[in-house]
Amino acid sequence: MNAEVAYEVSINPATLEEIGRLPLTTKAEFEDVFKRAKAAQKEWAKLSYKARGKYVLKMADYIRDHADELSEIISQDNGKLKIDALNTEVLPSIMGATWYVKNAPKILKDQLLPPSSMLFFNKWSKRVYQPIGTLGIISPWNYPFSIPFGELVMALMAGNAVVLKVAAQTPLVGQAIEQVVKASGLPEGLFTHVVGSGSKVLDSMLENGANKIFFTGSTFAGKQVMKSCAEYLVPCSLELGGNDAMIVLEDASIERAVNGGMWAAYQNAGQSCGGVKRVYVHEKVYDEFVAMSIAKTKALRHGSNGYDVDLGSVTTEKQFQTLEKELQLALDNGATIAAQSQPVGEQKGYFFPATLLTDVTPDMAFIQEEIFGPFMPIVKVRSEAEAIELANKSQYGLSASVWTSSNARGKRVAMQLEAGAIAINDHLYTHGIANTEWGGPKESGIGRTHGALGLHEVSESKIINWDLMPGINKNNAWWFPFDEAIYKTMLELTKYAKPTSVFQWLMLNVTVIPKVLLRMASSWKVDKK
């Protein structure tokens, strides 16, 4: 009798209806997945960047030609609006794929390294980038398509195989990515989507020889991933939490700041690690900013998918309940709900209104922690310096924004902010730009994705060193045998490495360098007994 098959069930959070289920990957299947991945990767690594790029461009073609269908799948699986899925997941994936195909050959090309010192005049080097092997990617439910797809494309262009696990809440998006890859004709075994709980899948990846793990999720979970990887000495790249600050200076365009801040705070039901989490507004423009934010927040509409709705649902019931508790705690501590969005249509799912909060103080837990929901808490500040100080007062450092009429001022403030990406007069969108890396300091993670640094994350650098004139020198100055004369020569070379004057350097060229060259050319003869 066959054992009962276990499934991962997908529930549409906007309607609470089951929309599909996928069987969990078994232990035996994991072993086969990695066996096939490793074999396929060896052949894939032999291909040129141009050959690899042809497959990736076919993926981009498929996404472009099925943009509406993919947006619908993402929306139903995650709860975000279809237009959100199109704007922040589908479109950036097409742009990312084309950018990596075009730029990976340039970024990962061999680099000739001339001698670092005249003492090594004969020693030349080359840095080459090679694939890491088979990469395990564990992605989150808030951007279930664009986050793993970007990492997949980078990994493939660098010559790796990929085993992907999307979030348990969005398995049908993983299935959609499978279809994208299948349509490209990618060699069998090079990519596999596996299904299961995060911790069990991670264990299976490590047990079966994953060469690196890419994880996007909470800081708490990221620390557990790092501990597990440490046991195997497997490197990991972690994109974790964010508590992004938005600084509105007194010379900012208030309408642009309100429009942009509201989008970055409320978009995707506030479930963006790089979204606006706290707003610091200069006292001179505070009242104007708040008044406009109140009016526009009240004009927003939350509800089921449609073209005349602004916010979709929260993705999980657990997250919805967490948001209710966090809001109540903020109110108990003195915060005030200044405005909320209005419901439209039938409200069966986990719909949480866009909520503008005032009377918020910097010491509130609501400000200090990462709140993953459609909130926009506003804090009044007296100066630019105070805004910077409060913005940096966080354990996170993913991204931030500065709103000002002067780009020069914005750049100066940006240099003082402790975050991985700072936008001036915008927020959040840099995640969709393929050539700007994503990640930050503190508890926001380790490593970077996207851009040149993202390609380096999925590659292994290697140095190849050689003699410019092979066969001429039989020895090196620092090789055996040793004697007092050799010691004195090497002692003189410390002056040559950093001479006190041009005259000293010239004299050393006459007195010491000939001794070094003579030793390099001489043979070490020993009696054979």
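This is a predicted model: local features need pLDDT of at least 70, side-chain atom pairs count only at pLDDT 80 or more; totals for chains, interfaces and linings use all residues.
At what angle do the axes of helix α3 and helix α6 cross? Roughly 160 degrees, and the two axes come within 8 Å.

Residues are numbered from 1 along each chain as its sequence is written, and side-chain values use heavy atoms, with hydrogens and water left out.

**View A. Helix α3 (67-78) against helix α6 (171-184).** Because of that angle, α3 is roughly antiparallel to α6 (over 145 degrees, on a scale from 0 to 180 between N-to-C directions, with axes fitted to C-alpha atoms over the stretch in contact). On the α3 side, look for Leu70, Ile73, Ile74 and Asp77; they meet Pro171, Leu172, Val173, Ala176 and Val180 in α6 (contact means heavy atoms within 4.5 Å). By class, that's eight nonpolar, no polar and one charged. Here Ala, Val, Leu, Ile, Met, Phe, Trp, Tyr, Cys and Pro count as nonpolar, Asp, Glu, Lys and Arg as charged, and the others, Gly among them, as polar.

**View B. An open sheet of six strands.** The order is β7-β6-β5-β8-β9-β19, with mixed pairing (a pair needs at least two DSSP bridges). β7 (191-193) and β19 (445-446) are the edge strands with a single partner each, so one side of each has no neighbour in the sheet. Further in, β5 (134-138) and β8 (212-216) pair in the parallel sense over four bridges, and Gly136 has Ile213 in β8 as its bridge partner. Helices and strands are DSSP runs numbered from the N terminus: H or I of at least four residues, and E of at least two.

**View C. The largest cavity.** A cavity is a set of points on a 1 Å grid over the protein atoms alone where a 1.4 Å probe fits but cannot get out; lining residues have an atom within 4 Å of a point. Of its 14 lining residues, Pro92, Gly96, Ser146, Gly150 and His450 are closest to the centre. Helix α4 gives the largest share, five residues.

**View D. The second largest cavity.** Its volume is about 100 Å³. Sixteen residues line this cavity, with Arg278, Ala391, Ser399, Glu418 and Ala419 nearest its centre. The lining has seven nonpolar, five polar and four charged residues.

Conventions: On a 1 Å grid over the protein atoms alone, a cavity is a set of points where a 1.4 Å probe fits but cannot get out, and a pocket is an open set with protein on both sides within 12 Å along at least five of seven lines; lining residues have an atom within 4 Å of a point. Grid points are joined across faces, edges and corners, and a volume is the space filled by probe spheres set on the points. Angles under 35 degrees count as roughly parallel, over 145 as roughly antiparallel, 65 to 115 as roughly perpendicular and the rest as oblique.
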